[in-house]
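Keep the model open as you read.

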Amino acid sequence: MDLETRAHLKETVRRFVRERLVPLERKVEEDDAVPAEVRAELKRLGLFGLTIPAEYGGLGVDMATDVEIAFELGWTSPAFRSVMGTNIGIGSQGIVIDGTPEQKKKWLPKLASGEIVGSFALTEPDIGSDAASVKTRAVKRGDRYVVNGTKRFITNAPYANVFTLMARTDPSDPGAGGVSAFIVAADSKGIRLGKADAKMGQRGTKTCDVFFEDVEVPAENIIGGREGQGFKTAMKVLDRGRIHISGICVGTAERLIHESVGYAVNRKQFGKPIADFQLIQAMLADSRTEASAARALVLETAGRYDRGERTTMDAACCKYFASEMVGRVADRAVQIHGGAGYMAETAVEHFYRDVRLFRIYEGTSQIQQLVIAREMRRAFEG
Ligand code: COS
């Protein structure tokens, strides 16, 4: 994508977010749903195909552009991004990164256009951070696999047409090597959805359990065509996803800072704007400094990703720092708003709840710390 097209895309998304989506935030909170017409508009903008290569009908942006767009999308409620978030990220990238040419040709054009929704099924009732211990089983029978198991908290599962499913194909290997990734059509016989999860925040995003009962999956749907690669595929998907989520965290922090400055300038106490008080100024300055640091780290990491460097550690640093940062910024935003910040009328109230998830999904902060330390040690020991 040339620089001019990239600038145009960014400007289009910025305007759409600020003029169309921000005014709908309260409605999304109240309805716990994104209006259907917004889904259609996001499709028309091409955003479902943001990261899918142009040869398959997507916009095929590089990581640097991906995070620039994430900065813009982060400005509004996470529910809007979630509409196409799995198609952009964890619901398509397994196929983009490790899929066979036939798998790419079959699935990516429809994911890029938004005709179908992709979803990523890794987490299970007993398997969260310990992702290599997947219990869902896929047993080979002739030219198919028969899948049994339960997946939990699966984002966009209620809308999904296709799952990237991690299942154990080799029961003799209880770890990462026994796991394979499959492309599973959501209308396959034997798939059942649980009821929508009731969540702390991120209203309008949908997650639920997915039950697989003797689901038959064609053997050709194993991602990359080889057993035992599924955990690595999942990790590569998450390496990319973590940079994107970090971009979203930066965008949300900047929105919260915008709300905070606006409130501090207009709210008067003791006869003057609270922005005149140094204790308020300190909170604003801390938030701006931390958001700027996260922005720089995310851009630097995206550039390195695009240059083909190994960014597992850097992606974890981004996710760890940016998600913790936006938690602090949201907390200060509520504090600056005082009593008003605790009330549902202000945007900061729902963002405070929304951002809590960023420290948990796509790897908790503690998992990011573990990945960072491991990579440091690996580099040192060679
Ligand atoms: N890219 C490519 N390959 C990777 C990788 C990466 N980022 N990370 C690990 N691998 C490979 C390893 O090289 C190893 O391969 P070999 O056996 O050939 O050497 C294999 O995968 C197993 O790796 P490891 O031993 O490090 O796996 P662990 O079980 O120790 O797990 C953590 C590592 C904890 C980092 C991993 O399970 C994880 O990220 N958990 C969090 C999961 C998560 O984010 N869940 C959120 C829900 S999904 S939205």
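Start with the largest nonpolar core, which has 53 residues. Within this core, L42, M84, L256, M325, V326 and F358 touch the most other members. A nonpolar core here is a set of buried Ala, Val, Leu, Ile, Met, Phe, Trp, Tyr and Cys residues joined through side-chain atoms within 4.5 Å. Buried means under 20% relative accessible area, with a 1.4 Å probe and protein chains only. The model is predicted: local features need pLDDT of at least 70, side-chain atom pairs count only at pLDDT 80 or more, and totals for chains, interfaces and linings use all residues. Residues are numbered from 1 along each chain as its sequence is written, and side-chain values use heavy atoms, without hydrogens or water.

Helices are DSSP runs (H or I, at least four residues), numbered from the N terminus. The top contributor is α10, with nine residues.

Now zoom in on L42. Leaving out residues up to four places away in sequence, L42 touches F16, L47, F48, F80, V83 and M84 (contact means heavy atoms within 4.5 Å). A second, separate core has 25 residues, including I52, A112, M166 and F231.

Notes. Buried means under 20% relative accessible area, exposed over 50%, partly exposed in between (1.4 Å probe, protein chains only). Helices (H or I, at least four residues) and strands (E, at least two) are DSSP runs, numbered from the N terminus.
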